[in-house]
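Work through the exercises below with the model open beside you, and try each task before reading its solution.

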Amino acid sequence: MFDDDQKNGDHIAGQSFSVSARDVQVEKSGRNNHHDFTFSYPTQVYESENLWENRISPDYFFHHAPVGCLILNDKHQVVLANEKLLQILQTTEKTLLYKKFTSYLPSHTISEYISAYKNLHDPNSNFSLRLHIIRENGSEFEATFHCSYYSGDALKPNFLGVITDISESKGKELLIEKKFELLTLAGQLIRLGVWEFDTVSRDFLYSSEAGKLLGFPINDELNLHIIKNDQNIPFHAGFIQILNNVLGSGKAVDEELLLNSQSAPQKWARILAIPVRKSGTICSLRGIITDITKEKSHQEEKASELAELRSVNEVKAKFFSVIAHDIRGPFHGLLMVTEYLLNQQSKLNSAELADMHNHLHDSIQKQYHLLTDLLAWLRLQGSTFTVSLTRLNLSTLVQNVIEQQSITARQKSIQLINAVPKDFSLNADENMLGLVFRNLISNGIKFSSSGGTVSIRSIMHENLCKIFITDSGTGIPEDEIPHLFLLEAKKSKEGTNHETGTGYGLLLCKEVIDKHNGQIDVDSIEGEGTTFIISLPQTNDGANH
């Protein structure tokens, strides 16, 4: 087992050793029977005959693999198959050879296979599918099918297929072991990272692809390399931990590992590792390492999008629930008033009728304001909403809003103060920013007592236009401030003269400021007053259109 405190605990040294770099080929043998194809492979495989016991030859892997292997020609015909495939398909060599592979596929999966097959253009191409295959007796089973470009010319290529029956897999360890055997078989052809650690000599054998991922030295002229135990080449700490876990538990693992490097971009790798025993003792660890950086990035993007979508759906569900309550409630009251008038108007005197008419007018007016706010909020949610930026004078805009609110302010003897410098200007949507000021100044009047004040001032601070709307009202409880701009926490409070509101005003303010790439904050002391602080970019060229 690796030990970080030992001399070679986290370093396994190495140098390359020679392996014939000739590619595996499929050759015509000239025989006039079904066995038209044989494997040719190097006679000298390793410098050291002990490594992997000379079992990495393509011919050995093809005929002794624990998974079904076959060679397909350009017409999808099976031209060579191993014994395992005959067992899986429950057929004979005579029946299988030169039969189209698609005849073993259910009709609904043939198009998927053909589509993937068309992408095999060159010696580096491959594909993997999970599909159902029909045995000779008509029964179906689920399998993984890995296929890679094998040999031949561009007009008549050949392809290597590997079939793993996963319908009978028992437990994760068995599945991992099958994956290892499968990937080891196809490693040279589909460029997977194959490796083995000898627990006796503590030497580490690896393919070029494994070396690239783990940051080990590689020789482009060789397919396999070795790191000797007596040289200092650092191993990734996470990879060492995986090896330790396998050695300690004696069980296969399938884990993801983040590979950090100061000299290379961050990568994610998936590592399959199994213990190999001899006379009951673990003599080596074998495994596959594959680059899953793109898949991991895609998963994270999808997870983020899904979380955002869920959040949006939750807000929408809450919004429609709130709308249903807020609109139906007032209409119920209106129906009662109008029904009473229809039934009792002949019995009411002029004073009572006037009172009912005033009540009806107030209810309709409140309903109108509610619908106005709801429509404005919905407009801000739409993808087609556009912020129309213009250079505007802030003091003039504030003064226009103050004049609109002056009658309400005089009724409560509240002073409205425009303290914005006369020459203060910024880029903003005039109508939308005016909506924000109307809501915040109206709130200030609503929650201020007679004789109070609502003031608006502005400053430039670190390239930001900061606008302060301050009232001398009742203030906001500290525990309510974090929820002021949340739809799910929306509620309307009565003002100091029992004024009511829609509850959507602050939501609208937040949406408008967000559309301007700005920020709105609150500073309040209960019983003393509240200040809303709006921060907007000075130029605002990047507003959310």
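**Exercise 1.** Determine over which ring face Arg-457 lies.

Solution. Arg-457 lies over the face of Phe-468, at 4.1 Å from the ring centre; the rule asks that NZ of Lys or CZ of Arg be within 6 Å of the ring centre and within 35 degrees of the ring normal. Lys-296 lies over the face of Trp-268, at 4.6 Å from the ring centre.

The model is predicted, so local features need pLDDT of at least 70 and side-chain atom pairs pLDDT 80 or more, while totals for chains, interfaces and linings use all residues. Residues are numbered from 1 along each chain as its sequence is written, and side-chain values use heavy atoms, leaving out hydrogens and water.

**Exercise 2.** Classify the aromatic pair formed by Phe-204 and Phe-239.

Solution. Rings of Phe, Tyr and Trp (its six-membered ring) pair if their centres lie within 6.5 Å, and planes under 30 degrees apart count as stacked, over 60 as edge-to-face and the rest as tilted. By this rule there are 17 aromatic pairs. Phe-204 and Phe-239, at 5.9 Å centre to centre with 85° between the planes, are edge-to-face. Phe-235 and Phe-239, at 6.2 Å with 35° between the planes, form a tilted pair.

**Exercise 3.** Decide whether Phe-235 and Phe-239 are buried or exposed.

Solution. Buried means under 20% relative accessible area, exposed over 50%, and partly exposed in between (1.4 Å probe, protein chains only). Phe-235 counts as buried because its relative accessibility is 7%, and Phe-239 counts as buried because its value is 0%.
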